[in-house]
Each structure stands twice: as C-alpha cells, then as structure tokens.
Amino acid sequence: MSDAAVEQPASSLHLKEDVERAIELLRKLQAKDNMPREKLLKLQAVLESEFFTTVRQVYENVHATVDAQGTPEAVAGATAKATVAAFAASEGYAHPRVVELPKTDGGLGFNIMGGNDPETPIYVSRIIPDGVADRNGGLRRGDELLAVAGVSVEKLRHEDVVVLLKKCEHTVKMVVKYNPHVLEEMESQFDQHRQNSQRRSHRKS
C-alpha cells in the first residue's frame, strides 16, 4: 500500500478549541449559585464524550468535502445534513470515525480492495502485522473508506484512491466506518470468480 499523508487545506475547520472553551465556560457557570449545576454537568459530559468527539471529527472532514456554495451559514447547514446522513447510513453498523496515520518509509501498513467501478466501495482488506496501521490500532480490516485527506472516495475507483493516498504527505487522515459484512461478500465473489477462471483454464488445457 502506498504511503500517504494529509496536508490540511487552508479552509479546514477545527472545532476542538471551541469545544474546549465551551467546556471551560460550563465549569465556571457551575460555580455560580443561581445556575442549574446538574444540567450543566450533563451537558459537559456530552461535550467530553467519545461519541461527541467522533461527531465533531466527522463534521470537520465533511465540511472540507461538502459541495455547497453561498454564505457560511449555508455551508454549515449543508455540512450538518451530510454529517447526519453519514451517521444515518451507518445505522446497524459502527458509526463513521476519523483515523490518522503517520507517513513512514515502510508504508501505511494496510491493503485495500474494491473500487472496480464507482458503485463498489473501497475496503481495508488487510492490516499488515507490525505495520503502521497495526501499531496505530485505529484502522480495522473491514473498514470502508469514506474520505481521504478531505476528499470523498465513495465514488472513486481503486486506482484513483491509490493515487490520492500517494499524494498525501506527513500524515494520512481518513474517515472510515466498520462494515465487515460487505467485505466478506466481496471476498467471496472474488474467490468464486478465481475458481471459475481456474476451471476454464483447466478445460482449455
């Protein structure tokens, strides 16, 4: 698999500091006597939760890829709708998440399959033992690639995704979701096709 790294585009959205400021404000409000401390604590717990962090990360990456024009409010609205759609599409499976891998001379440490046509998703088919992805622990065999370096790959062909990964520098930031059942179906179809090809080859010989 090719090395990759993600250079953040100039218009990248970073909400982490805003969330941290909101949490700090909640802590200050909790110290006031006339504030509903229990409700403030619940809100703080939401902002500090792993799920909220995942939503924020996916929103930031969708913001970089959403095809919307107009005012910042219009772009934000389109980003919010696309983020909700991404989570809704993953119902019954793991939610989308962001994985970031460093670029090394030894490669990224994973293989992909799929993307033979625009309707076939790209999946992580193998995590190479002791490779970058294996040591990082964030990527899983069966993860579907949704975006790479802020670019949606859901309609890209296999070779186009490889080129996109090769263009990255320093780190590779990907939006993925775990959906191993489709990968298993793809591998089964691939094995069946290979067996049929072998049978035809034997008959000719």
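Tutor: A residue is called buried when its relative accessible area is under 20%, exposed when that area is over 50%, and partly exposed in between (1.4 Å probe, protein chains only). The structure above is a predicted model, in which local features need pLDDT of at least 70 and side-chain atom pairs count only at pLDDT 80 or more, while totals for chains, interfaces and linings use all residues. Residues are numbered from 1 along each chain as its sequence is written, and side-chain values use heavy atoms, with hydrogens and water left out.

Student: Which residues is Q30 in contact with, leaving aside its neighbours within four places in sequence?

Tutor: They are R37, L40, L41 and Q44, where contact means heavy atoms within 4.5 Å.

Student: How do you know that the buried residues of helix 2 line one face of the helix?

Tutor: In helix 2, residues 37-47, the buried residues are L40, Q44 and L47. Seen down the axis of helix 2, these residues fall within an arc of 60° (the arc of the directions from the helix axis to the C-beta atoms), so they line one face of the helix. On the other side of helix 2, the residues E38, K39 and K42 are exposed.

Student: What makes the buried residues of helix 6 count as lying on the same side?

Tutor: The buried residues of helix 6 are V161, V162, L164 and L165. Around the axis they cover an arc of only 160°, which puts them on the same side of helix 6. The face turned away from this buried side carries the exposed residues K166 and K167, whereas the buried residues pack against strand 2, strand 3, strand 4, strand 5 (151-152) and strand 6.

Student: How many residues does the largest nonpolar core have, and what makes a set of residues such a core?

Tutor: A nonpolar core is a set of buried Ala, Val, Leu, Ile, Met, Phe, Trp, Tyr and Cys residues joined through side-chain atoms within 4.5 Å. The largest one here has 21 residues, and those with the most contacts inside it are L101, F110, L139, L145, V148, V161 and M174. Among the elements that give two or more residues to this core are strand 1 (97-102), strand 4 (143-148) and helix 6 (158-167), and the largest share, four residues, comes from helix 6. Apart from this core lies another, of five residues, among them V19, I23, L40 and L47.

Student: Why is the pair of D143 and R97 called a salt bridge?

Tutor: A salt bridge is a side-chain nitrogen of Lys or Arg within 4 Å of a carboxyl oxygen of Asp or Glu. The closest N and O atoms of D143 and R97 are 2.5 Å apart, so the pair meets that definition. The pair links distant parts of the chain, with D143 in strand 4 and R97 in strand 1, 46 residues apart. D143 has a relative accessible area of 0% and R97 one of 19%, and because both values are under 20%, both residues are buried.

Student: What makes E24 and R27 partly exposed?

Tutor: E24 has a relative accessible area of 37% and R27 has 42%, so each value falls between the 20% and 50% limits. E24 and R27 form a salt bridge with the closest N and O atoms 3.8 Å apart, and both lie in helix 1, three residues apart, about one turn of the helix.

Student: How do you know that R157 and E159 meet in a salt bridge, and where do the salt bridges share partners?

Tutor: The N to O distance between R157 and E159 is 3.3 Å, so the pair falls within the 4 Å limit. Salt bridges that share partners join E24, R27 and E48 into one network. In the whole structure, a search finds six salt bridges.

Student: What share of the chain counts as buried?

Tutor: Of its 205 residues, 35% count as buried, and the chain has seven helices and six strands.
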